Amino acid sequence: MVLKPSGSEVVLTGVFAALADPTRRAILTRLKDGDATVAELAAPFSMSQPAVSKHLKVLEQAGLISRSQRATARLSHLEAEPLREAVGWLMDYRAYWAESFDRLDDLLDDLKEQS
């Protein structure tokens, strides 16, 4: 049986794939401060503007940024909604981890009592 991913699963896959790269995460961090050009985004990196543009394309395909034209500049803008969906997915595991840590605490308490 082959499961077909739902629309939200496809979005999450793109978001997590885009976030897997540290350069793309750094670009998103920079965009929290406001829109920026490719040149502005490329400045802190030791890579060419075309290489940064490839990262921007991945971020745009994942829905994490949008791009617009202002005069002669092409600006990138942070789109945070896909990040909210990723956080929501991760939060589903919060209860699991809390329960796991509670069980570990209980085990450690039992081991201390046995000592």
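Helices (H or I, at least four residues) and strands (E, at least two) are DSSP runs, numbered from the N terminus. On this basis the secondary structure of the protein comes to six helices and three strands, and from the N terminus on the elements run α-α-β-α-α-β-β-α-α. The model is a predicted one, in which local features need pLDDT of at least 70 and side-chain atom pairs count only at pLDDT 80 or more, whereas totals for chains, interfaces and linings use all residues. Residues are numbered from 1 along each chain as its sequence is written, and side-chain values use heavy atoms, with hydrogens and water left out.

The overall dimensions were computed from the C-alpha atoms. Along its principal axes the C-alpha trace spans about 70 × 40 × 20 Å. The radius of gyration, taken over C-alpha atoms, is compared with a globule rule of 2.2 Å times the number of residues to the power 0.38. A compact globule of 115 residues would have a radius near 13 Å, but the protein has 20 Å. Accessible areas come from the Shrake-Rupley method with a 1.4 Å probe, and for residues only the protein chains shown count as cover. The protein exposes about 8,200 Å², of which carbon and sulfur atoms supply 57%. A residue is termed buried under 20% relative accessible area, exposed over 50%, and partly exposed in between (1.4 Å probe, protein chains only). Of the 115 residues, 25% count as buried. Contact means heavy atoms within 4.5 Å. Among contacts between residues at least 6 apart in sequence, 49% join residues at least 24 apart.

The three strands form an open sheet in the order β1-β3-β2, with antiparallel pairing. β1 (36-37) and β2 stand at the edges with a single partner strand each, so one side of each is left without a neighbour in the sheet. Two strands are taken to pair if DSSP finds at least two bridges between them. Strand β2 (residues 65-70) and strand β3 (residues 73-78) run antiparallel and are joined by six bridges. Within this pairing, Arg67 stands opposite Ser76 in β3, and Gln69 stands opposite Arg74 in β3. The hairpin of β2 and β3 has two residues between the strands, and in this hairpin Ala71 takes a positive phi near 55°.

A nonpolar core is a set of buried Ala, Val, Leu, Ile, Met, Phe, Trp, Tyr and Cys residues joined through side-chain atoms within 4.5 Å. The largest such core has 19 residues, and Leu56, Leu59 and Leu64 are those with the most contacts inside it. The elements that give two or more residues to this core are α1 (7-19), α2 (22-31), α3 (38-42) and α4 (49-61). Of these, α1 gives the most, with four residues. With neighbours within four places in sequence left aside, Leu64 is in contact with Val15, Ala18, Leu19, Leu28, Leu59, His77, Leu78, Glu79, Pro82 and Leu83.

Two further residues were examined individually. His55 lies in helix α4 and is buried, with a relative accessible area of 14%. Not counting residues up to four places away in sequence, His55 touches Asp21, Thr23, Arg24, Ile27 and Met47. Gly63 lies in the loop between α4 and β2 and is partly exposed, with a relative accessible area of 27%. Under the same exclusion of residues up to four places away, Gly63 touches Glu79 and Pro82. Gly63 and Leu107 are 44 residues apart in sequence and 44 Å apart in space, C-alpha to C-alpha.

Rings of Phe, Tyr and Trp (its six-membered ring) pair if their centres lie within 6.5 Å; planes under 30 degrees apart count as stacked, over 60 as edge-to-face and the rest as tilted. By this rule the count comes to three aromatic pairs. The rings of Phe16 and Trp89 have centres 5.6 Å apart and planes at 65°, so this pair is edge-to-face. The pair links distant parts of the chain, with Phe16 in helix α1 and Trp89 in helix α5 (residues 81-91), 73 residues apart. Phe16 is partly exposed at a relative accessible area of 30%, and Trp89 counts as partly exposed at 38% relative accessibility. Trp89 and Tyr93 form a tilted pair, with 5.1 Å centre to centre and 55° between the planes. Tyr93 counts as partly exposed at 40% relative accessibility. Phe16, Trp89 and Tyr93 form one aromatic cluster.
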